[in-house]
Amino acid sequence: MQIIDGKAVADEIKKEIALEMEAILASGKKIPHLVAILVGNNGSSETYVANKVKSCEELGFKSSLLRFPPTITESELLAEVIKVNENDDMDGLIVQLPLPNHINPDKVMETISPRKDVDGFHPINIGRMAKGLPAYISATPQGVLDLLDRYGIETSGKHCVVVGRSQIVGLPMSILMQRNTKIGNCTVTLTHSRTQNLAEMCATADILIAALGIPEFITAEFIKEGAVVIDVGLTRVEDTTKKSGFALKGDVKFDEVAPKCSYITPVPKGVGPMTIVSLMKNTLLSAKRAIY
Ligand code: NAP
């Protein structure tokens, strides 16, 4: 069994981006500029956005954090998105979710220019991804593809079971794994909370991707001997032994699942570090006008 070291792969990709940045600076080309919109004061959202801004700084990207009070109206927020769309210096725009209840997130996502949608949430990017056209691919599924690729894991002809069908993880993951690409060509089963006999279904997977958000739900009985297990789940659970008072748990019961696997991602330091790095890659692609 081999542990997939997401932190090491993310560091490797960061070095590659740093090299590209050196070339960009040397040739006077455009420095990538990521804009994050944050509405309200949700604690987790603050942390996520702060980490994205920090990564921009580390890599020499420009970043702008636009903060708005939770009372901002939907039309005011859409007007702010349009301002970013029209600003040629700004390459990528992310609007941190969740938004207050009076704002429709789909409307906001659809207002972001597909050209600046580095989160890959716009229907045009999702549609282009499904058709195999150049598109921004959402960060977490892209991170999983990169992990499989960098570890040389064969996916062609394999049965991939994805647990969870969310718009940001499970659904795009299932589309990507069945595409006719180097990391792809799987026969995919997409499962969700209404799936019957989930454990039996998962136990037929050569590659199991868990993204349901229930800590340690996937136990040894879900796993075929020799399977590749990718744990996207990330949940804070109370842990009085930790200084912070909480621990991060994946969707997979690591200790009992790992001995049955050929490869497995741990939590933390598995998929998590890949997500931000994928967002940075998308921002770089946008600055280079490589997709649109
Ligand atoms: P989500 O929007 O809550 O979606 C969860 C999905 O899991 C839904 O499709 C749901 O089915 C399905 N599900 C729930 N209970 C289930 C069960 N008992 N059996 C089978 N399927 C079940 O979650 P998400 O945003 O995709 O996130 C999933 C997990 O990944 C969370 O822990 C999140 O924190 C983590 N995550 C990590 C990263 C990272 O960077 N590592 C990034 C994004 C998300 P229904 O559709 O039927 O409700």
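1. Let's start with the loop between strand 7 (207-210) and strand 8 (227-231), which is where glutamate 216 sits. This is a predicted model, and in it glutamate 216 takes a positive phi of about 55° despite not being a glycine. Most residues other than glycine have a negative phi, so that backbone angle deserves a look. How accessible is glutamate 216? Its relative accessibility is 31%, so it counts as partly exposed.

2. Asparagine 197 is another non-glycine with a positive phi, again about 55°. You'll find asparagine 197 in the loop between strand 6 (187-191) and helix 8 (198-202).

3. Now the peptide bonds. Leucine 97 and proline 98 are joined by a cis peptide bond, with omega at about 5°. Proline 98 belongs to the loop running between strand 4 (92-95) and helix 4 (105-111). For background, most peptide bonds are trans.

4. There is also a cis bond going from valine 267 to proline 268, where omega is near -5°. Here the proline, residue 268, lies in the loop between strand 11 (261-264) and helix 10 (272-287).

5. On to the ligand. Which residues come nearest to it? Of the 21 residues around the ligand, the nearest are Arg165, Ser166, Ser193, Leu234 and Thr275. By type, the shell splits into 10 nonpolar residues, 10 polar ones and one charged.

6. The side chain of serine 193 has an N or O atom 2.5 Å from an oxygen of the ligand. For the side chain of arginine 165, the corresponding distance from an N or O atom to a ligand oxygen is 2.7 Å. Valine 232 takes part through its backbone, with a polar atom 3.5 Å from an oxygen atom of the ligand. As for cover, the ligand taken alone exposes 940 Å², and the protein buries 69% of that.

7. Last, the overall layout. The protein chain is divided into domain 1, covering 28-128, and domain 2, covering 139-273. Between the C-alpha centres of domain 1 and domain 2 the distance is 27 Å.

Key. Residues numbered from 1 in each chain as written. Predicted model: local features only at pLDDT ≥ 70, side-chain atom pairs only at ≥ 80, totals over all residues. Heavy atoms only, no water. Near = heavy atom within 4 Å. Polar contact = N/O pair within 3.5 Å; in protein donor to acceptor, adjacent residues only side chain to side chain. Areas by Shrake-Rupley, 256 points an atom, 1.4 Å probe, with all protein chains shown as cover. Nonpolar A, V, L, I, M, F, W, Y, C, P; charged D, E, K, R; others polar. Domains from an automatic or database assignment. Helix = DSSP H or I, 4+ residues; strand = E, 2+ residues; numbered from the N terminus. Buried < 20%, exposed > 50% of the residue type's maximum accessible area, 1.4 Å probe, protein only.
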